[in-house]
Amino acid sequence: MSETYTLYGQTVMDHFMNPRNMGDLPDADGVGEVGAAACGDIMKISLKIQDGKITDARFKTFGCGSAIASSSMATELIKGRTVEEALNFSNQEVVDALGGLPPVKIHCSVLAEEALKAALEDYLKKHPDVAAKVKEKEAARSAAPETANA
Amino acid sequence: MRRVYLDHLSATPLLPEAFEAMKPYFMEAFGNAASLHQYGLRVRDALAKARSQIAALVNAESAEEIFFTSDGTESANLAIKGVAYANQRRGNHLVVSEIEHPAVLNSVEFLEKQGFTCTRVKVDSEGFVNPEDVRAAITDKTILVAVHHVNHDIGTLEPIREIGRICAEKGVPFYVDAEASAGWLPIDVQQMGASLLSFSPHKFYGPKGVGVLYRNKKARLVSILHGGVQEGGRRAGTENVPAIVGAGVAAEVALRELNQRFAHTARLQKKLWEGLKANVPYIKLNGPEPGPRRAPHTLNISTEFIEGEGQLLMCDLNGIAVASGSSCVSKSLKISHVLAAIGLDHALAQGNIIMSLGKDTTDEDIDYVVQTFAKVVVPKLRNMSPMWDEFQRGIIDSVISPTGRGRSFTEHAAAVSGKPAH
Ligand code: FES
């Protein structure tokens, strides 16, 4: 065979073959590990957070090619974002950045979103002051329309 | 990059001699076997020849006992439904092993919806059916027993003759799916006591698009496809003549080379497993050890702490074609029903791949596979795996060689996901 055929799109294959941010952060500020109920796979994301911003991210994944690529892409995407922004991260961003995933493989990108959120929760648990501030801001935001109407 | 094809249980390349024999039947000898002129008669002769070539491969008493279908799945459907419908006045109960191919299991499930009942016989941890369990499952309503010769996933060679004897004693037709064994292992329908036996020639260097069903004259069988009276009225539809001709040649060559193929693949299978075992820690063979209780041409292995689709992809990127029974490669996200039936731990089922060898696999191929798997595929994936790291740190334990430290993968997965993995 001279041509090469791939199971996934080029970007997915690239992230599978050359995963970005693979590994652990020894002095992580937040670590999240989640399992996929659907297929039984496991993903772990570690975050370094400074002044409310994600300065570094790493992943480790026990899972299919799409799960590995999703975690690699997710860690790329969230670097530099604030905690609040990251809390609103959606798996759709990973799917889009990867150039799409087969329907049956969407849950692998959800796993990346869940691992990231678990890592953020872990961080917020350790930093109740930040958690309180995040909550305050959220409350302010949901209250905002009322204020506008008043 | 070296390319090593280790998925012969899915498909094999066509034999050049089969291809040559097929060629005239596309353009020059295009007639329909049902026609009564020169064109039809020539094709009829070709079909008769292929029928005897196939009959010889399985030692059928007569070529009339061989039917051609479109592939192994159709043959299995015809065997199960055709026998069930033909005997429904006698009874409505079937007995199958729980690790049969989906073509068999799903045919049975279809019949169950129409009022037939079925007993699925359990297998042991190596995938063996106990013939006594088959005996115990047979009732006076049983109209068919189905047990495959070799399991398509884990290579288990079932005790067919014993089961055949029990069926003969009880007077129940016995159907053997030989999809994973035909062309690789000797098959003798008379010694096996098989009333029906099926396979696909594309698994042993024949073309795709043709399936074989052997049916002993004494077994009642009705057609499940309705139309003309082709194939003795058992399978309506114009015969795929070129494919049938190719199948005949593939069968003749397989019979001639059977001992050679068997010895060659058995030797390389042993070499492959020993090489992997010696070079990859925490690896397990599923199904029986290489030897007389296992098909010679396939290995099913589980590598701990890494997932099967990742292994398959990483192998493919290194030129090695393999299959996997991991839940991640299945559309239903379920592990292979065979691995579940032998009670394989979920973590090991997730880390599963299947390597099936062929007549052209070489010693150098095996060396390359062992080296690449042990030095590239496994370390790269383990390096990425949180499970491997957690195993090193004593958080989770190995299923293959427990250290007594840490919880199981299943417990761990359930704890981190908040739900038990299936
Ligand atoms: S992680 Fe199992 S299917 Fe993607």
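Is Cys118(B) buried or exposed? Hold on to that one, everyone; we will come back to it after a look at the interface.

First, some housekeeping. This is a predicted model, where local features need pLDDT of at least 70 and side-chain atom pairs count only at pLDDT 80 or more, while totals for chains, interfaces and linings use all residues. Residues are numbered from 1 along each chain as its sequence is written, chains are lettered from A and ligands numbered from 1 in the order in which they are written, and side-chain values use heavy atoms, with hydrogens and water left out.

Let's start where the chains meet. On chain A, 30 residues are in contact with 33 residues of chain B, contact being heavy atoms within 4.5 Å. The size of an interface is often given as the accessible area lost when the parts come together. Here the buried area is about 2,700 Å², with 65% of it from carbon and sulfur atoms; that area is the accessible area (1.4 Å probe) lost on putting two parts together, summed over both. On the chain A side, Phe16(A), Glu33(A) and Phe62(A) lose the most, together 23% of what that side buries.

Two salt bridges are counted between chain A and chain B, each a side-chain nitrogen of Lys or Arg within 4 Å of a carboxyl oxygen of Asp or Glu. One of them joins Lys105(A) to Glu309(B), at 2.5 Å from N to O.

Next, please find Lys60(A), which sits in strand S3 of chain A; strands are DSSP runs (E, at least two residues), numbered from the N terminus. Lys60(A) is buried, at 8% relative accessible area, since buried means under 20%, exposed over 50% and partly exposed in between (1.4 Å probe, protein chains only). Leaving aside neighbours within four places in sequence, Lys60(A) is in contact with residues of both chains, including Asp24(A), Met43(A), Met384(B) and Asp389(B).

And so to the cysteines. A disulfide is a covalent bond between the sulfur atoms of two cysteines. The rule used here asks for two cysteine sulfur atoms within 2.5 Å, and the count over all chains is zero. For Cys118(B), the nearest cysteine sulfur is that of Cys167(B), 13 Å away. As for the opening question, Cys118(B) is buried, because its relative accessible area is 14%. Cys167(B) is buried too, at 1%.

Note on methods
Helix = DSSP H or I, 4+ residues; strand = E, 2+ residues; numbered from the N terminus.
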